[in-house]
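I keep these notes while going through a structure that is new to me, one spot after another. Each entry sets down what I looked up and what I found.

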Amino acid sequence: MATRNGERFLPRQLESILRQLAKDDEIIVSDDSSTDRTPEIVASCRDPRVKFFPGNAFFHPAYNLENALKRSTGEIIVLADQDDVWLENKVDLVRERLKGRSGQIVTLSLDGEVIDAEGVVVCASIFGMIGAGRGLVKNLYDNTYMGCTMAFTRRLLDVALPFPKTIPMHDSWLGLLSEIYGEVEFVPEKTMQYRRHEDNASFRRPFREQVGSRLALAGNLLRRRLLVGTLPCNRN
């Protein structure tokens with residue numbers, strides 16, 4: 001989880017995650033220059049599974065998330081936004097889908113409901129709202145990978161880290177690398193409530209910036225392919 005000034009919704013999200021975790025699981029929280037009570041809220045969690053890394057100054061959600069990924073130790077990694085809510089089936093479903101696949105690059109994108117700031121459901125399906133689905137060209141043109149819906153095996157980090165300095169966002173980078181080097185599954189079960197509100201970190205860029213970011217993403221994918229293209233990314 002990458003946090004920044006998330007005090008408004010963070011306690012509810014931490015609660016929804018912790019109640020699903022096994023004793024050997026972990027929540028990695030990397031904070032990016034919060035000026036509100038976010039660090040205090042995380043630090044107040046008297047749970048050894050919460051591992052907090054404050055004091056960062058990335059000023060960008062992708063590189064804050066990269067820091068959390070570098071600190072993680074688990075064979076299965078599930079991304080979480082600070083302002084959403086996990087439904088009670090999420091962790092069990094991820095474990096079931098990724099069981100016995102740790103030697104492969106496998107990424108899941110799991111559907112959910114869309115809620116507003118007050119927790120009212122405003123859309124029944126994230127996938128339906130954004131037209132989510134596989135495809136390199138499709139997702140280069142208009143990315144439908146959302147980090148908060150994604151879970152993957154640790155093997156993905158072998159090709160995804162370090163993040164290039166010119167990727168538009170981490171979710172498209174991770175999703176497209178998963179398509180190139182491994183397997184991607186879009187899972188229709190609802191496993192979370194994705195909260196849309198006025199302070200969301202994601203946003204729509206002007207058209208010219210969108211074109212530039214897509215070109216930068218394509219270039220970085222090509223360079224990473226040349227760098228790691230001969231590595232045996234999947235193994236039994």
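**Entry 1, a threonine in a strand.** I began with Thr 191, which is found in strand S9 (residues 183-195); strands here are DSSP runs of E with at least two residues, helices are runs of H or I with at least four, and both are numbered from the N terminus. The model is predicted, so I note that local features need pLDDT of at least 70 and side-chain atom pairs count only at pLDDT 80 or more, while totals for chains, interfaces and linings use all residues. Residues are numbered from 1 along each chain as its sequence is written, and side-chain values use heavy atoms, with hydrogens and water left out.

Is Thr 191 buried or exposed? I find Thr 191 buried, at a relative accessible area of 0%, where buried means under 20%, exposed over 50% and partly exposed in between, taken with a 1.4 Å probe on protein chains only. Setting aside residues up to four places away in sequence, Thr 191 touches Trp 86, Leu 87, Asn 89, Lys 90, Leu 93, Leu 110, Asp 111 and Gly 112, a contact being heavy atoms within 4.5 Å.

**Entry 2, aromatic rings.** How many aromatic pairs does the structure hold? I count two, using the rule that rings of Phe, Tyr and Trp (its six-membered ring) pair if their centres lie within 6.5 Å, with planes under 30 degrees apart called stacked, over 60 edge-to-face and the rest tilted. Phe 127 and Phe 186 make an edge-to-face pair, 5.6 Å centre to centre with 70 degrees between the planes. Phe 127 belongs to helix H5 (residues 126-130) and Phe 186 to strand S9, so this pair ties together parts that lie 59 residues apart in sequence. Phe 127 is buried at 13% relative accessible area, whereas Phe 186 counts as partly exposed at 22%.

The rings of Tyr 145 and Phe 186 have centres 5.6 Å apart and planes at 35 degrees, so I record that pair as tilted. Tyr 145 sits in the loop between helix H6 (136-141) and strand S8 (150-153), 41 residues from Phe 186 in strand S9, and Tyr 145 is buried, with a relative accessible area of 1%.

Next I turned to Asn 220, whose place is in helix H9 (residues 207-228), and which is buried at 6% relative accessible area. Leaving aside neighbours within four places in sequence, I find Asn 220 in contact with Pro 164, Thr 166, Ile 167 and Trp 173.

Why do I call H3 largely enclosed by the rest of the structure? Eight of its eleven residues are buried, so the description holds. The buried residues of H3 are Ala 62, Tyr 63, Asn 64, Leu 65, Glu 66, Asn 67, Ala 68 and Leu 69.

Lys 165 lies over the face of Tyr 63, at 5.1 Å from the ring centre, and the charged end of Arg 214 sits over the ring of Tyr 141, 5.1 Å from its centre. For this I required NZ of Lys or CZ of Arg within 6 Å of the ring centre and within 35 degrees of the ring normal.
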